[in-house]
Structure formats: C-alpha cells, structure tokens
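Hi everyone, thanks for making time for this.

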Amino acid sequence: MDEQLRVGLVGAGPWARMVHAPGLADHPGTRLTAVWARKPEAAAELAGTYGAEVAADPDELLAAVDAVAFAVPPEVQSGIATTAAERGKHLILEKPVAATLADAERLAGAVRRAGVASLVMLTKRFAPEIREQLDQLREVGGWAGGSVRVLNGALLEGPFSRSPWRHERAPLDDVGPHVFDLIDAALGPITQVIAAHRGEGGLWQLILGHEGGATSGVSLSMALPLNPGVWEVAVFGEHGHRVLADRGTSAQDCFTNLLDDFVAMVQSGTTEHPCDVHRGLYLQRIIDQARRAAGG
C-alpha cells in the first residue's frame, strides 16, 4: 500500500500485548495509531510502548483510524465493532464475534451493509501448514468422520486464568470457534449439533453432523491439569486416519499472515474471505445450538 492502514486497538490485556499490538506495529501495511481499553492505565502503557495515542473513549479512537482490531471480551467487542462498521471502519475481530447470536447477527449485518473488510482471528487457519493440510483433505475426500480433543489447564493458571468471561463461558465460546471451524473445513459444513453435554468442571462433549453424512466428536476443556495440553484434530475414512499436524507456527506469525490478507482486502476492496465476519456468525450459530442442546 502507498500508505499504511491506520489501525486502532480496542483492548490492552494479555492477548493485545502478546499478539495484536506488536503485530500491528511491526507489519509494513499497518500502523498502530490509537489504543483504548477499559483500564486507562493499561491503554497508556501499551500505547506508549509503540508510540500510539491513547483514546479517551471508543468514539475518539474511531475518529482517528481506518480500521479497528479487537482484543476484548465478546460482549464488549460486538457493540463497538457494530458502530465501527457503521462508520465505515474495517474490522479485525476476535472469536467469538459476540456474546449472543443476536449480537453476532447485528454485527454481520452492519458489516455487510457498510461493505467493509472483516477478518476473525481463527488462529490456526492462518498457519500455512494447516491451510495446506485442509486443502489436501478436501481434495482427497471420502472422510466418514472425525474427532477433536482440546484439553488444557488454561483456566487454572497462566495469562488467561483470570478472565471472567472465559470462566463463565469457556471452553465452548473460547476454543469452540477454533475447533468447529477446523473440523468443518476438514469434513464439510456442520449441519447439526446432534448431542452436547457439559460435565462437572466444564468438560464439553459434542457430536456434530456434517453435510454429506459425516459425523465428528468433540471434547473440550480448559480446566484439566494437563501439561502439556492436548490439541488434536483428526479425520478418518476410506483413505485411512489423518491428524492435522501442527508444525509450530506461532500465534504472532498467524496474526502477521492475517494482516497480510487484511491489508490486501482493504487495498483491493474485497469484503469476502473464508474467515470473515460471516464465518464468525456461522460459528456463533453452532455455539448457540450446542448450548441449547446441552440444556442452556
């Protein structure tokens, strides 16, 4: 681009400090212009590190930027992001895109009407090795089913262990979008949450139905004392059993790849992408169905 895209960052917590701020500051196509957070002192510290301005409120941030990146809880993200889209700002969203299906629908509608670019940080979809393997799985076809296991102790200790919204709704809302996205991309569109159960300690077990007749089983927990944790996405069928190989592309590198796509979208006027807000809405519907299937 002839000029860097001016990006405002909403949020100054661990994920913003670890991924968003350095990524936006270092990418050749973006400039971290302003930061707003619910804790002004955190916003000031983060902004100062990268030479950005501190916005007094979201409106002040929106007035100074071309695009907005979010690293805040979904209930905070959806309202500000909807307003941003209505004001013509491009969006880099976290998952889930909203706290409720209704809020996700409002956000996606605002993005569609405004014709702005949007991407959701579905981290592993921006890892080159995962993209390559998903392309291969779709090309080969013939998969009868799959399984997902994401089991860790992220709510017990670590940078996200004090996150209220995660304790309330994880792992379904936190890691759920990632794994639903991946198994959907591998086996085909998820058409039904056949069964869902939330056990004591927040262990979720789900059975999903896919277009074409495949089924998959999903186990999710962020409150098991496993070190290291388990992250596995597998498919099986007439061509055997395959596990998606994670070759260690970091979240920071995935975010850089996302920014490559985002800058190209804005420059070309493209608004459609496999990981745009409408994908986020699709995943929100699966979360909603799963919670209803488990009894609320």
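Predicted model: local features only at pLDDT ≥ 70, side-chain atom pairs only at ≥ 80, totals over all residues.

Helices (H or I, at least four residues) and strands (E, at least two) are DSSP runs, numbered from the N terminus. With that in hand, take strand 4, residues 67-70, and strand 5, residues 90-93: they run parallel and are joined by 3 bridges.

Residues are numbered from 1 along each chain as its sequence is written, and side-chain values use heavy atoms, with hydrogens and water left out.

Okay, zooming out. The protein chain has 10 helices and 12 strands. Its radius of gyration, taken over C-alpha atoms, is 19 Å, close to the 19 Å from the globule rule (2.2 Å times the number of residues to the power 0.38) for 296 residues, so the chain is as compact as a globular protein of that length. The C-alpha trace spans about 55 × 40 × 35 Å along its principal axes. Of the 296 residues, 53% are buried, meaning under 20% relative accessible area with a 1.4 Å probe, protein chains only.

What order do the strands take in their open sheet? There are 6 of them, in the order 3-2-1-4-5-6, with parallel pairing. Strand 3 (53-54) and strand 6 (118-120) are at the edges with a single partner strand each, so one side of each has no neighbour in the sheet.

Now for some antiparallel pairing, around strand 9. Strand 9, residues 204-210, is mostly covered, with 5 of its 7 residues buried. On one side, strand 8 (residues 190-198) runs antiparallel to strand 9, with 7 bridges joining them. Ala-195 sits opposite Ile-207 in strand 9. These two strands make a hairpin with 5 residues between them, and Gly-201 in the turn has a positive phi of about 85°.

Strand 9 also pairs with strand 10 (residues 215-221), again antiparallel, over 6 bridges. Here Trp-204 stands opposite Leu-220 in strand 10. This hairpin has 4 residues between its strands, and Gly-212 in the turn has a positive phi of about 95°.

How values were computed:
Buried < 20%, exposed > 50% of the residue type's maximum accessible area, 1.4 Å probe, protein only. Pairing = 2+ DSSP bridges.
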